[in-house]
Amino acid sequence: MEPAMNAEEIYTLTIDGKGVATATASPVLDPATQAVIGLAPIADGDCLDAAIVAARGAFGHWRDAGHDVRARSLLDLADAIAANLDDLSRLLTLEQGKPLARAREEVMGSAFWLRSVAARTLPESVNEETADRRSITRRVPFGVVAAIVPWNFPLLLAVWKLAPALLAGNCVVLKPSPFTPLTALKLGKLARGILPDGVFNVLSGGDDLGPRLVEHELVDMVALTGSSRTGQAVMRTASAGLKRLMLELGGNDAAIVLEDADIAVAAARIFQSAFSNAGQVCVATKRVYVHDSVFDAFFERMVAHLDALKVGPGHEDGVEMGPVQNLPQYQKVTALIDRARSQGLALRSAELRPGLDSGLFIAPVLVMDPPWDSEVMLEEAFGPVLPIVRFRDAGDVIAHVNAGEHGLGGSIWSSDLGRATALAHQLQTGMVTINEGAYLAPWVPFAGHRQSGLGVENGQEGLLAYTQPQTLTTRLT
């Protein structure tokens, strides 16, 4: 049944531990119906300055509070998220479009991420210890971190940045996507009273807010998840102040299915990887290379999964794929499909049931054996479109994948783990999996190569990314 939400709820910014209303607000739409589900406050220049000044003012106290205090605050925030599981999940489904079960996974995953990061510690290494001198290197925070997150996983990707930044002793100003700001605004409200005033601030607004946040002189680090083009723009702006950067950007992840793969398992897992969250996942499988000897069997199984997929509003029972999140992305994906069709490519599309015309629903599409240099192979669709091509020589596939501009993730599918590992070592990507889709966990470092990113998220390296080394040397004699 449809989730009950209060459409009249007033959403506020979080600045210096307080809810702040604004003079103007923008409507937030349910992508399944295009109905207005809430009004997000638009932060102006004064709000921006106030949030950053508050973060700067809170920094010294938060840095000096100590690791245990900061870790305890993360655990308390995780408890608050878990206690509000139902409301957050319903809101996330409404503004993002994903099935309610997947929204619940994101909410609980966010709490889990906070708890996992809270268990980590920052290292201190001894460089020299003699009768004359002691030299140690410790990790210290940057100061104010601007966290900019997209619309595909608005809560989880915020926590990916928030948790390590706060544990390391930084203060954070979070800017959610204007398409999905409500869950982040709720997170800011939950954090009031848990985190000291100024430590965590949340600003919603239009596309102009991000650049103003990046260029602000009191921001020390920018952590962004977004497209490669956006990452380039952020890098240019941040260079003027030599701000530290963590950029998790676009990908065009390839799955390589060898002739000895378990076709049933590979098809099921690759289909899930490709069409989860309507394909709006940075590490989704976005193209599949299948050995010629098993291509037909593999494609047949993918068609069976396609025909069985239930598409609809995320609040309906049994729905496995919701709408594309926003109109610009819907137009981009449908235009890509139309061009593929006009080029005479073989498309196998699912049937959408009647009654979905008012939403941003796209029937998921398999593209059968397009040219390797076709747009549908080289362009990151970030939607429910999956090209599947034949190959005979795995070396040719590796070379083709490595020649592209992206290097986020990829997967190898084979019953010969030695051969699969050897091929995985040749892929120039930040993550490679064998016999499964992308594997993401708080303890697993996640980084992109080439145009897919700069820096590391998650794992111990992801925590260290929010710190800089400080070496202290003491002369003892």
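This is a predicted model: local features need pLDDT of at least 70, side-chain atom pairs count only at pLDDT 80 or more; totals for chains, interfaces and linings use all residues.

A: His-67, Ala-71, Leu-74, Leu-75, Leu-77, Ala-78, Asp-79, Ile-81 and Ala-82 are the residues that helix 2 brings to its contact with helix 4. From helix 4, the partners are Val-107, Met-108, Ala-111, Leu-114, Arg-115, Val-117 and Ala-118. By class, this contact comprises 13 nonpolar residues, 1 polar residue and 2 charged residues.

Helix 2 spans residues 67-83, while helix 4 covers residues 100-118. The axes of the two helices lie 8 Å apart, and the angle between them is about 165°. Because angles over 145 degrees count as roughly antiparallel, helix 2 is described as roughly antiparallel to helix 4. The crossing of helix 2 with helix 4 is left-handed.

Helix 4 also takes part in the lining of the second largest pocket, to which it gives the most, with 5 residues. Helix 5 (156-167) and helix 9 (263-275) each supply at least two residues of that lining as well. The volume of the second largest pocket is about 800 Å³. Its lining consists of 26 residues, and those nearest the centre are Phe-153, Ser-276, Val-281, Ala-438 and Leu-440. Sorted by class, the lining holds 13 nonpolar, 7 polar and 6 charged residues.

Two or more lining residues come from each of helix 7 (209-215), strand 10 (221-225), helix 8 (228-239) and helix 11 (327-342). Among these elements, helix 8 gives the most, with 7 residues. The lining of the largest pocket is made up of 17 nonpolar, 15 polar and 8 charged residues.

The model has 7 cavities of 30 Å³ or more. The largest cavity has a volume of about 90 Å³. Of the 16 residues that line it, Asp-253, Val-283, Gly-409, Gly-410 and Ala-438 lie nearest its centre. Strand 12 (253-257), strand 18 (409-413) and strand 19 (431-434) each give two or more residues to this lining. By class, the lining of the largest cavity has 7 nonpolar, 7 polar and 2 charged residues. Ala-438, named here among the residues nearest the centre of the largest cavity, is also one of those nearest the centre of the second largest pocket.

The second largest cavity has a volume of about 70 Å³. It is lined by 13 residues, and the closest to its centre are Lys-286, Ala-381, Phe-382, Gly-383 and Val-385. At least two residues of this lining come from strand 13 (285-291), and at least two from strand 16 (385-391). The lining of the second largest cavity divides into 6 nonpolar, 4 polar and 3 charged residues.

Key:
Residues are numbered from 1 along each chain as its sequence is written. Side-chain values use heavy atoms; hydrogens and water are left out. Helices (H or I, at least four residues) and strands (E, at least two) are DSSP runs, numbered from the N terminus. Ala, Val, Leu, Ile, Met, Phe, Trp, Tyr, Cys and Pro count as nonpolar, Asp, Glu, Lys and Arg as charged, and the others, Gly among them, as polar. On a 1 Å grid over the protein atoms alone, a cavity is a set of points where a 1.4 Å probe fits but cannot get out, and a pocket is an open set with protein on both sides within 12 Å along at least five of seven lines; lining residues have an atom within 4 Å of a point. Grid points are joined across faces, edges and corners, and a volume is the space filled by probe spheres set on the points. Axes are lines fitted to C-alpha atoms, for helices over the stretch in contact, and angles run from 0 to 180 degrees between N-to-C directions. Angles under 35 degrees count as roughly parallel, over 145 as roughly antiparallel, 65 to 115 as roughly perpendicular and the rest as oblique. A crossing is left-handed if the near helix is turned anticlockwise from the far one by less than a right angle, and right-handed if clockwise. Contact means heavy atoms within 4.5 Å.
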